[in-house]
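This report concerns helix packing in a single structure. The sequence and the model are shown first.

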Amino acid sequence: MIPNLIPNPEPEGELRKFGLMRKHYLKEYKRGIYSGLLLSGELKKHLLMIQEQAEERFDLLVQQMAEREEVTEQLKAQDQMFWVRKMNNIRARAEEVVLAELVYQL
């Protein structure tokens, strides 16, 4: 008599950067929460939700910071390397905010 354990089907979707970072954070630093989500079959759903929120927040922050610092297409046409430096800086700052607000929080 072996029980027939069939897990619930996982939600469709691919884990990307923020989802994988959240998974690693839970696995390394919040083992109890990670195990609970894994055993209940809610882990991937949780990771996809965090990933979606993080990507939306990241895009919004990049847009707002670029507008505030006047990093425009006109600047891109005038001085591409300066534009690239500014955008890389903006993206790095936005990523740090998203990681602190969503990925590394409970």
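The model is predicted.

| Helix pair | Residue ranges | Axis separation | Angle |
|---|---|---|---|
| α3 and α5 | 43–68 and 80–103 | 9 Å | about 140° |
| α1 and α2 | 17–29 and 31–40 | within 5 Å | roughly 115° |

Helices α3 and α5 pack at an angle of about 140°. The crossing of α3 past α5 is right-handed. On the α3 side, the contact comprises I50, Q53, A54, R57, F58, L61, V62, M65 and A66; among the α5 residues that they meet are M87, I90, A94, V97, V98 and L102, together with the charged R91, R93, E95 and E101. By class, this contact holds 13 nonpolar, 1 polar and 5 charged residues.

The axes of α1 and α2 come within 5 Å. Here K23, L26, K27, E28 and Y29 of α1 make contact with R31, I33, Y34 and L37 of α2. These residues divide into 5 nonpolar and 4 charged, with no polar member.

Helix α3 has 26 residues and spans 37 Å between its first and last C-alpha, close to the expected 38 Å. Its buried residues are L43, H46, L47, L48, I50, Q51, A54, F58, L61, V62, M65 and A66. The cover over these buried residues includes α1, α2 and α5. Just after α3, E70 adopts a positive phi of about 55°.

Key: Residues numbered from 1 in each chain as written. Predicted model: local features only at pLDDT ≥ 70, side-chain atom pairs only at ≥ 80, totals over all residues. Heavy atoms only, no water. Axes fitted to C-alpha atoms, helices over the stretch in contact; angles between N-to-C directions. Helix = DSSP H or I, 4+ residues; strand = E, 2+ residues; numbered from the N terminus. Left-handed = near helix turned anticlockwise from the far one by under 90°. Contact = heavy atoms within 4.5 Å. Expected span 1.5 Å × (residues − 1). Buried < 20%, exposed > 50% of the residue type's maximum accessible area, 1.4 Å probe, protein only.
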